[in-house]
Amino acid sequence: MGWSTHEYARLDLTLWGALKSLPRLVGRTVALAWRTDRRSLITVGVTEVGQGVATAFKLLAVNAALHAVLAAGTDVRGLRHALPAGVLLVVINSINALLASWSTSAAGSLEPKVERAASEQYLTACERVEMEAIEDGEFRELIDRAQYGANEARHMIGSSVAAINSVLSLVASGGVLLSLNPALLPMLVLIVAPRGWGVMRVAQQRYASTMSWVEHLRASRVLSNLLTSVTAALEVRVHGVGTYLLRHFKTMSHTAESEQERLARDKARTELLASALQGVGYLLTFTLMISLCLTGHMSVAAFGTAAMALNSGSAGIGALVSTMSQLHEQSLYVADLSEFLVRAQERAIPDAGLPLTERPRSISLEKVSFCYPGRTEPAVKEVTFTIPLGSVIALVGPNGSGKSTLVRLLSGLHLPDAGRIRWDEVDVAAADRRQLFSHVSLLTQTFERWPFTAGTNIRIGQHDRTASPEGLAASALYSGADTDIAALPREMNTLLGKQFRGGHDLSGGQWQKIGLARAHFRDACMIIVDEPTSALDPDAEQRAFEQILGLAGPDRIIVLVTHRMAAVRHVDHIFVMHEGRLVEQGSHAELFAAEPASRYARMYRLQAEQYEYPSVPRPARPSTSEPA
Ligand SMILES: Nc1ncnc2c1ncn2[C@@H]1O[C@H](COP(=O)(O)OP(=O)(O)OP(=O)(O)O)[C@@H](O)[C@H]1O
């Protein structure tokens with residue numbers, strides 16, 4: 001189908017690299033947690049340290065108890081000396097349980113807050129990036145990857161707590177082992193190192209696979225969305241596209257399945273090897289401990305305590321390694337989110353800029369060129385013109401001649417690669433773009449049909465303005481949407497969106513009237529309408545053009561983009577585009593005066609002639625009934 005390539009694989013991960021970056025990544029989550037809920041974070045930190053200290057005291061109490069028991073020998077009364085250590089053990093265990101439950105509760109309250117904060121950062125960054133970034137395939141892939149970051153940041157809290165817990169219990173066990181016999185410490189490492197390697201390798205393989213298959217996963221998701229989408233449902237059925245999509249979906253699922261099988265086989269092999277190496281580690285450790293006892297370097301009580309410390313330390317390292325692997329994996333996703341936030345910031349629409357006057361005397365383009373990223377040919381080439389306030393202009397020209405691109409440039413969605421656009425004297429490239437957007441009302445062919453109520457669909461372009469029912473009704477009346485809305489079961493409060501229970505849908509033409517009402521309600525200084533009437537019947541089309549032109553006023557600029565030549569006849573100035581260049585301009589009369597050279601006049605006449613003939617001439621019948 002053309003998009004299931006795996007070129008974004010990131011297979012350059014190494015265990016050392018992951019370990020090195022871990023403190024930085026955990027630090028970032030801690031910083032996020034600090035900003036989100038300081039109190040819970042401090043509680044978690046203090047309770048975890050408390051549990052580590054408790055573990056050390058527990059082992060020391062066990063050691064004391066063992067000494068007392070072994071010193072008693074066959075004298076049962078001597079066992080009472082073990083009683084204080086036993087009581088201490090119970091107290092330490094109770095304190096440990098209390099601290100653990102306190103930590104669980106604080107971490108539980110922290111996790112959703114961190115997820116919310118990370119999600120907000122992610123969505124805010126998405127909303128702020130330039131249009132070019134949103135349309136850039138590579139950046140979109142990063143947006144997709146980064147979406148898992150917020151969820152993983154939440155899980156990182158739990159994993160970080162578990163990791164801290166394991167480290168502290170490990171330090172406690174290590175300290176006790178060290179005090180018993182320093183030779184025991186490296187043995188602890190020997191026992192758990194193979195397991196650590198195994199768990200890390202499996203996580204690494206899984207992440208590398210996810211990354212190399214991310215495009216594949218996206219494509220599968222697109223296919224399943226198409227199969228369930230309301231808008232595609234028609235062609236899916238009538239054109240039999242469903243079978244085509246299903247066939248591709250199945251092929252892609254089979255390919256993904258074989259990747260899962262490969263991962264499972266690799267995991268099984270790695271785990272088997274790690275277990276074998278760990279067995280060797282245990283064998284060597286116990287051999288050393290027995291020989292230490294036999295040579296009188298270690299007492300039997302110390303043997304017992306060392307066995308417990310080894311057990312607790314090994315469990316600690318085991319838990320640490322597995323949480324490290326989780327942290328490693330989670331941190332990679334959080335790193336994606338961090339990378340996205342940095343790159344989104346680089347590609348964000350600047351926050352500040354020079355202020356713009358709300359009603360500029362003119363907007364001028366000086367030798368403006370613009371090339372879409374990834375394209376070699378500019379969509380707009382060295383275009384120069386001026387639009388005075390109070391005028392109505394039209395952009396006309398064949399398909400692909402650059403009209404919509406000019407609209408995007410005028411509305412500040414793109415900045416020119418060369419040349420300048422100025423609002424009065426202010427260069428748009430240096431202007432406060434958010435302010436510029438607030439002065440523009442844009443109605444395009446593909447305007448959004450928001451899955452909200454009819455009223456919200458009208459006021460959404462000006463959602464911070466209090467919308468009185470009268471204001472909404474006036475905009476609906478203006479666009480002719482009033483009668484369509486009146487026919488809806490809950491009028492303005494009817495939910496427009498078939499995907500919801502109780503939702504209603506409108507016809508294409510009815511939606512266009514809603515779009516026009518939205519443009520009216522927004523009440524901006526520059527109103528841009530790009531092919532606004534494609535779904536309207538002739539009466540409605542005529543009326544829509546009259547309404548658009550009726551929006552004109554001394555404080556406004558109207559930019560009309562259309563292929564309907566009759567509609568531009570009465571505008572103040574017509575700009576004719578061809579292959580990205582402005583090739584003609586003037587009023588209807590001026591352009592006609594330039595006949596026969598005038599492209600505009602030719603286009604106009606061609607369309608007028610079509611209207612003169614009531615029907616398209618019937619083509620000659622092909623001799624066979626074979627489809628083309
Ligand atoms: N988002 C985009 N990314 C890359 N290229 C684009 C994009 N939009 C348009 N183009 C290209 O820029 C050129 C000008 O397109 P534009 O949409 O501005 O023309 P237009 O005159 O509005 O066409 P139409 O009348 O068909 O709407 C075309 O070659 C088109 O393929």
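I looked up the contacts between two domains first: twelve residues of domain 2 are in contact with nine residues of domain 3. I note that this is a predicted model. On the domain 2 side, strand 7 (526–530) and helix 18 (538–550) are the elements that give two or more residues. Helix 18 has the largest share, four residues. I sorted that side by class and got eight nonpolar, two polar and two charged residues.

I then checked the domain bounds. The protein is divided into domain 1 (15–346), domain 2 (356–439 + 526–614) and domain 3 (447–523). Between the C-alpha centres of domain 2 and domain 3 I read 26 Å.

Next I turned to the nonpolar cores. The largest one has 68 residues, and I528, V559, L560 and I574 have the most contacts inside it. Domain 2 and domain 3 each supply at least three residues to this core.

Last, I listed the surroundings of the ligand. The residues around the ligand are E135, Y372, R375, A379, G397, N399, G400, S401, G402, K403, S404 and T405. Helix 12 (residues 403–410) gives the largest share of this shell, three residues. By class I have two nonpolar, seven polar and three charged residues in the shell.

Terms used. Residues are numbered from 1 along each chain as its sequence is written. This is a predicted model: local features need pLDDT of at least 70, side-chain atom pairs count only at pLDDT 80 or more; totals for chains, interfaces and linings use all residues. A nonpolar core is a set of buried Ala, Val, Leu, Ile, Met, Phe, Trp, Tyr and Cys residues joined through C-beta atoms within 7 Å. A residue is buried if 20 or more other C-beta atoms lie within 10 Å of its own, exposed if 12 or fewer, and partly exposed in between; C-beta atoms are placed from the backbone. Domain bounds come from an automatic or database domain assignment. A residue is near a molecule or strand if its C-beta atom, placed from the backbone, lies within 6 Å of it. Ala, Val, Leu, Ile, Met, Phe, Trp, Tyr, Cys and Pro count as nonpolar, Asp, Glu, Lys and Arg as charged, and the others, Gly among them, as polar. Two residues are in contact if their C-beta atoms, placed from the backbone, lie within 7 Å.
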